[in-house]
Amino acid sequence: MLFSSITFLYYFLPLVLILYFAAPKPLKNVVLLLVSLFFYAWGEPKCVFLMLGTIIFNYVFGILIEKAKTQQAKKIYLTISVIGTLSGLLYFKYAGFFVENFTAITGISAPALNIALPIGISFYTFQILSYSVDVYRGEVPAQKNIITLATYISLFPQLIAGPIVRYKDVAAQLVKRSHSFESASIGIRRFIVGLGKKVLIANTLGELCQAFYATQDTSVMFYWLFAVCFTLQIYFDFSGYSDMAIGLGKIFGFDFLENFRYPFISKSLSEFWRRWHISLGSWFRDYVYFPMGGSRVKKPKLIFNLFVVWFLTGFWHGAEWNFVLWGLFFFVFLTLEKLFLTKPLEKSKILARIYTLFFITISFMIFSGNNAQEAFSLVGGLFGAGGIPLTSAEALYQLRNYGVLVIIAIVGATPLPSKIYQYLKSKKATSFFVDIAEIIILLLILISVTAFLADGSFNPFLYFRF
Amino acid sequence: MNNRLKSIITVAVFAVFLLSVSVLCLAMPDTTHSDSERRELAQLPKVTTQKLVSGEFSKEFESYTTDQFPFRDALRSIKTLLAHKVLGKLDNNGLFTADGHISKLDAAINEPMMDHAAERFNYIYNTYLTDNNVYFSIVPDKNYVLAKANGFPAMNYESFIDKMAQKVPNMKYIDICDLLSATDYYNTDTHWRQENITDVATRLARHMGVNLTHDYTENTLDVPFYGVYAGQYAGGVVPDTIKYLTNDTINNAKVSAYNDKGMLVESSIYNLEKAKEKDPYEMFLSGTMAVVTIENPNATLKRELVLFRDSYGSSIAPLFLSGYSKITVVDTRYIQSEYLKAFVDFDGADVLFLYSTSLLNNSLAIR
């Protein structure tokens with residue numbers, strides 16, 4: 001079930017809120033678990049059993065890891081737990097890709113697997129892994145209550161599109177959490193802002209991307225317009241989903257960590273990755289990069305470590321070579337930045353920003369392709385490959401058609417609106433009116449979103465390959 | 001405002017809003033049809049184990065909740081307004097407005113669809129028409145005159161028509177594009193206005209060696225005509241007026257048609273009962289009919305026309321009547337080309353294939 005749907009907003013959510021707040025404290029997790037399983041089963045009825053199996057498996061191994069007397073036994077249990085958990089991800093997400101490439105390389109024919117990818121499997125697999133590793137490291141005790149652990153893994157706000165919530169970040173709140181009008185109010189605000197980002201901005205930008213794919217009147221200008229709109233679409237869609245997840249979490253008494261912090265104002269690609277999909281970046285940092293030695297190693301090892309992390313980061317996003325290329329694209333630039341570019345980039349903020357935005361845009365062209373060939377073709381189109389004209393009638397039209405929205409999106413991707421809000425809020429003369437206006441604007445956003453959804457407007461789910 | 005008070009107000013406002021809308025969703029009676037969109041609305045799906053397991057139930061339920069949402073038409077109008085006024089969009093739901101018209105963005109040429117149409121037309125030619133004079137003409141979509149002139153993406157109509165004409169080499173192409181302007185089409189619909197296309201009928205007939213008379217009386221339908229684009233666009237729309245032309249020849253014509261059971265029944269050139277229904281344009285030859293025969297008892301010469309057509313042909317067919325003793329109007333979207341011999345007499349008839357660019361560019365329905 002998508003957050004951006006009539007079914008979720010006006011059927012599922014009100015019912016869940018009533019059940020949750022009517023339930024006595026000891027039963028709140030049970031309610032959350034049951035509604036989360038229903039939420040997941042709604043679109044993927046069969047896959048719910050895979051998730052339940054993974055939960056039970058890690059519940060048992062979490063306790064075994066904790067209870068093991070020797071470090072070696074702990075390591076064995078952890079290894080089994082990690083291999084067991086990853087095997088689900090490897091089979092459902094990557095088996096088809098491996099078979100396809102094996103066939104292509106060896107020429108030995110193998111039947112296409114056509115395995116359906118369970119939605120959210122990459123997110124919940126990484127959450128479970130963080131739990132097992134943290135128990136192994138002794139950072140958290142193993143969870144003895146399977147309801148609590150299952151609630152953590154299946155919690156519907158962050159189940160299908162993140163953020164990747166670490167067990168240790170919410171362990172205490174899973175057992176005891178408080179609810180208040182203040183946190184519910186913050187949650188509502190965050191949820192509606194995220195909903196608006198997804199439905200009003202990202203989905204509408206997505207229409208331009210659809211028009212680009214369908215056009216017969218291509219040009220360099222249209223490629224660039226697509227690149228900008230796709231980059232903004234991904235940001236508003238993904239950060240919108242994270243906002244909704246964080247907002248819903250707040251309503252239910254959880255504090256999820258931020259997942260996006262204005263990534264497009266970054267002055268380097270390294271900084272971009274500290275602001276973009278923070279939960280994934282920090283996961284790879286803590287569970288892959290640091291255990292390999294991080295940056296406190298010799299240069300060749302450092303380069304190898306970066307290669308592994310960025311190869312995996314790219315591959316995590318989808319079982320296609322363009323995602324691997326996308327990860328390796330960042331590997332090249334982040335390595336260059338670490339070795340040579342840090343100081344030059346510090347010299348001019350403007351040049352640093354231009355450099356960052358330019359390569360972010362290029363990277364998302366690689367990301368947007370369905371395969372490596374398409375990715376190369378899309379990047380080539382930006383530079384006129386294939387002899388395409390500089391402009392075309394349709395590109396000029398679409399520029400006029402989406403110009404206002406692109407400006408709104410660019411401004412919305414900066415801290416400017418938030419700063420204006422904070423400024424007006426800090427002034428005595430305007431503070432009261434800002435509070436009133438805020439509630440009215442949020443209501444108007446919700447009504448606008450409802451209007452878009454009732455119209456059946458374009459409403460894609462972009463994470464089906466994650 | 002006190003932070004706690006603000007929080008309480010926020011929670012209260014959204015709790016009341018969410019619950020009220022939810023109650024409305026559950027309490028409002030379901031409707032079966034959307035007049036504005038001219039389509040059946042999704043109904044509450046039946047629960048079956050197979051549907052639940054396959055995920056089909058959830059998909060059908062989502063369509064149901066969207067289609068049956070309270071005050072949906074009003075919300076769709078709000079969405080149109082927001083798209084234009086707040087997001088600055090020039091089009092909405094693939095439609096744009098220009099010169100008082102609503103029109104559909106449709107700039108891409110779909111060559112496989114053209115090939116399909118050509119394959120079907122050539123089959124008909126090779127099977128039935130090798131001894132006939134066969135003509136072919138294309139009705140350009142109203143974007144031909146609206147899109148490019150108003151800065152919207154436009155199909156390369158010249159290229160489209162050239163390609164299509166080449167794909168049916170045994171038919172003589174008659175160009176009518178230069179006769180059409182924006183005023184010849186309804187503002188809210190895709191079709192052309194019968195009262196403005198007498199010159200088109202004259203040119204087509206002249207190329208087939210027939211002269212038409214123009215002693216028409218213009219009649220106005222007393223119901224507002226919200227064309228097919230009015231509902232899709234979902235904005236404030238001024239309805240069109242349908243006018244239809246009559247004269248003694250048309251009034252005295254004898255019309256028969258094969259109904260959906262394959263039975264020959266008496267019909268009419270202008271079906272005023274249809275004019276009161278959801279799509280008043282269907283008053284012309286009663287809309288979707290596979291084979292309609294129009295006989296002209298006033299004809300002095302025996303000369304027959306077989307008109308292969310889409311819905312544009314419904315309104316122009318009566319205008320050929322003064323030049324022919326019999327017109328057989330065929331729509332191969334509703335009859336398999338292989339069965340035509342049983343229903344249509346091609347012997348010695350002039351044959352005209354008259355199709356719109358929009359159908360040729362999306363021709364799968366042609367059988």
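Predicted model: local features only at pLDDT ≥ 70, side-chain atom pairs only at ≥ 80, totals over all residues.
Q: How far apart are the closest N and O atoms of A:Asp255 and A:Lys250?
A: Side chains of opposite charge can pair when their charged atoms come close. A:Asp255 is partly exposed, with a relative accessible area of 37%, and A:Lys250 is partly exposed as well, with 23%. The two form a salt bridge, and their closest N and O atoms are apart by 2.5 Å.

Q: Which residue forms a salt bridge with B:Glu282?
A: B:Glu282 is partly exposed, with a relative accessible area of 22%. B:Lys274 counts as partly exposed too, at 22% relative accessibility. The closest N and O atoms of the pair are 3.6 Å apart, and a salt bridge requires a distance within 4 Å. The partner of B:Glu282 is therefore B:Lys274.

Q: Which residue of chain B belongs to the salt-bridge network with A:Arg189?
A: The structure holds 38 salt bridges over all chains. Some of them share partners, and in this way A:Arg189, A:Lys425, A:Asp435 and A:Glu438 are joined into one network with a residue of chain B, namely B:Lys6.

Q: What is the angle between the planes of A:Phe212 and A:Phe226?
A: Over all chains, a search of the whole structure finds 102 aromatic pairs. In one of them, A:Phe212 and A:Phe226 are stacked, at 4.2 Å centre to centre. A:Phe212 lies in helix H8 and A:Phe226 in helix H9 of chain A, so the pair ties together parts that are 14 residues apart in sequence. Planes under 30 degrees apart count as stacked, and the angle here is 10°.

Q: Are A:Trp326 and A:Phe367 buried or exposed?
A: These residues form an edge-to-face aromatic pair, with 4.7 Å from centre to centre and 65° between the planes. A:Trp326 lies in helix H13 and A:Phe367 in helix H14 of chain A, so the pair ties together parts that are 41 residues apart in sequence. Both A:Trp326 and A:Phe367 are buried.

Q: Which helix gives the most to the nonpolar patch?
A: A:Ile407, A:Val411, A:Leu416, A:Ile420, A:Tyr423 and A:Leu424 form this patch on the surface, with about 550 Å² of accessible area together. The elements that give two or more residues to the patch are helices H16 and H17 of chain A. With four residues, the helix that gives the most is H17(A).

Q: Over the face of which residue does B:Lys79 lie?
A: Within chain B, B:Arg120 lies over the face of B:Tyr123, at 4.9 Å from the ring centre. B:Lys79 lies over a ring of chain A, at 5.3 Å from the ring centre, and the residue that carries this ring is A:Phe452.

Notes. Residues numbered from 1 in each chain as written. Chains lettered and ligands numbered in written order. Heavy atoms only, no water. Patch = residues over 30% accessible without salt bridge, like charges linked within 9 Å, V, L, I, M, F, W, Y side chains within 5 Å. Areas by Shrake-Rupley, 256 points an atom, 1.4 Å probe, with all protein chains shown as cover. Salt bridge = Lys/Arg side-chain N within 4 Å of Asp/Glu carboxyl O. Phe/Tyr/Trp six-rings, centres within 6.5 Å; stacked < 30°, edge-to-face > 60°. Buried < 20%, exposed > 50% of the residue type's maximum accessible area, 1.4 Å probe, protein only. Lys NZ or Arg CZ within 6 Å of the ring centre and 35° of its normal.
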